[in-house]
Amino acid sequence: MPKKVKWLEEPIPENYPKAADYLRLLVNEHAVEATSLALEAAPITFHKAKDILRAAGLPLLTPENPHVANYLRLIREGGRLGPILLVRGNLPAAVPLHIADGYHRVCATYLTNENTDIPVQLADLTL
């Protein structure tokens, strides 16, 4: 398996509505709309796969997970993954980072190389 994951320059447009669907499980519609706009406007920054999983407090999914397996296959074939959409946590309030879209891509990247820099758009939750 290649040691380097390839990335698209910009998030896939369909990923923003997927992130909004996830956020609707956590906050009201006004916050979803405001946070979605903030995500779309956020610059691309880079964070390591291992740090994203730790900050989110999420377990690493195994290569047997069907979605992770599909991304691992795409990585092996030299395909490009879309950047991840993140909503910043709040450490003093013990609120973890939220992977609004891209959890399976983060896990596949971690399984390829946990030190991979992942392009992300990171926004604060806007209430």
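## Helices α1 and α2

Tyr-16, Ala-19, Ala-20 and Leu-23 of α1 touch Val-32, Thr-35, Ser-36, Leu-39 and Glu-40 of α2, where contact means heavy atoms within 4.5 Å. By class, that contact has six nonpolar, two polar and one charged residues. Here Ala, Val, Leu, Ile, Met, Phe, Trp, Tyr, Cys and Pro count as nonpolar, Asp, Glu, Lys and Arg as charged, and the others, Gly among them, as polar. This is a predicted model, in which local features need pLDDT of at least 70 and side-chain atom pairs count only at pLDDT 80 or more, while totals for chains, interfaces and linings use all residues. Residues are numbered from 1 along each chain as its sequence is written, and side-chain values use heavy atoms, with hydrogens and water left out.

The axes of α1 and α2 (residues 29-41) lie 10 Å apart, at an angle of about 145 degrees. Axes are lines fitted to C-alpha atoms, for helices over the stretch in contact, and angles run from 0 to 180 degrees between N-to-C directions. Helices (H or I, at least four residues) and strands (E, at least two) are DSSP runs, numbered from the N terminus. The α1 and α2 crossing is right-handed; a crossing is left-handed if the near helix is turned anticlockwise from the far one by less than a right angle, and right-handed if clockwise.

## Two partners for α5

With α4, the axis of α5 comes within 8 Å, crossing at roughly 55 degrees. The pair is therefore oblique (angles under 35 degrees count as roughly parallel, over 145 as roughly antiparallel, 65 to 115 as roughly perpendicular and the rest as oblique). Among the residues in this contact are Tyr-71 and Leu-72 of α4 and Arg-105 and Cys-107 of α5. Its classes are seven nonpolar, four polar and one charged.

α3 (residues 49-56) packs against α5 at about 130 degrees, with the axes 9 Å apart. This crossing is left-handed, whereas that of α4 and α5 is right-handed. Ala-49, Lys-50, Ile-52 and Leu-53 of α3 meet α5 residues including Tyr-103, Val-106 and Cys-107.

## The largest pocket

Now for the open space: the largest pocket has a volume of about 270 Å³. On a 1 Å grid over the protein atoms alone, a pocket is an open set of points where a 1.4 Å probe fits, with protein on both sides within 12 Å along at least five of seven lines; lining residues have an atom within 4 Å of a point. Grid points are joined across faces, edges and corners, and a volume is the space filled by probe spheres set on the points.

Of its 16 lining residues, Asn-15, Lys-18, Tyr-71, Asp-101 and Arg-105 are the closest to the centre. α1 (15-23), α4 (66-76), β3 (80-81) and α5 (103-112) each supply at least two lining residues. The lining has six nonpolar, five polar and five charged residues.
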